[in-house]
Amino acid sequence: MLVGVGDDGHVGSLYPGRDEVLDATGRWVLPVAMKDPPSITLSLEVMRRARLVVVAACGVSEKYPQGKSDAMKRAVETEETLQSFPVAGLRGVATYVVDDAAASKVGSEYQVEV
């Protein structure tokens, strides 16, 4: 399963501070009513149980000249909760594919050149 990650740590439509990220009902697909029109997302448990989970983070912009470097540091190194940074729920099961900008703040123990 290939997923992206937002600067706020959202993955799919699982956003910080939202109840959907903590869903333990066993449902595969969850309704998300935070926008109009509402959307759906896979549950974090479904994402975690995929045979292979790849989190991709790349790209820079004028607003984010260091790309998703802060997000990647929080995703793999910083103590986070599911409510504060949902992608942290994929630790231990995900492989992260990032560009140089996104990797720039992550410790060398997490980096592998390919």
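## Pairing in the sheet

Two strands count as paired if DSSP finds at least two bridges between them. In this predicted model, strand 1 meets that condition with strand 4 (residues 53–57), since the two pair in the parallel sense over three bridges.

Now for the wider arrangement. Three strands make up an open sheet with the order 1-4-5 and parallel pairing. Strand 1 and strand 5 (94–98) are the edge strands, each pairing on one side only. Neighbouring strands of this sheet are turned against each other by 30 degrees on average, direction ignored. As a reminder, strands of a sheet pair through backbone hydrogen bonds, either parallel or antiparallel.

## A buried loop residue

Let's move on to S13, which you will find in the loop between strand 1 (2–4) and strand 2 (29–32). Is S13 buried or exposed? S13 counts as buried because its relative accessibility is 14%, and the cut-off for buried is under 20%.

Which residues is S13 in contact with, leaving aside its neighbours within four places in sequence? They are V32, S39, I40 and T41.

## A nonpolar patch on the surface

I40 turns up again on the surface: together with M1, W28, V29 and L42, I40 forms a nonpolar patch there. The accessible area of these residues together is about 510 Å².

L42, a member of this patch, lies in strand 3 (residues 39–42). L42 counts as partly exposed because its relative accessibility is 33%, a value between the limits of 20% and 50%.

Notes
Residues numbered from 1 in each chain as written. Predicted model: local features only at pLDDT ≥ 70, side-chain atom pairs only at ≥ 80, totals over all residues. Heavy atoms only, no water. Patch = residues over 30% accessible without salt bridge, like charges linked within 9 Å, V, L, I, M, F, W, Y side chains within 5 Å. Areas by Shrake-Rupley, 256 points an atom, 1.4 Å probe, with all protein chains shown as cover. Salt bridge = Lys/Arg side-chain N within 4 Å of Asp/Glu carboxyl O. Helix = DSSP H or I, 4+ residues; strand = E, 2+ residues; numbered from the N terminus. Buried < 20%, exposed > 50% of the residue type's maximum accessible area, 1.4 Å probe, protein only. Contact = heavy atoms within 4.5 Å. Axes fitted to C-alpha atoms, helices over the stretch in contact; angles between N-to-C directions.
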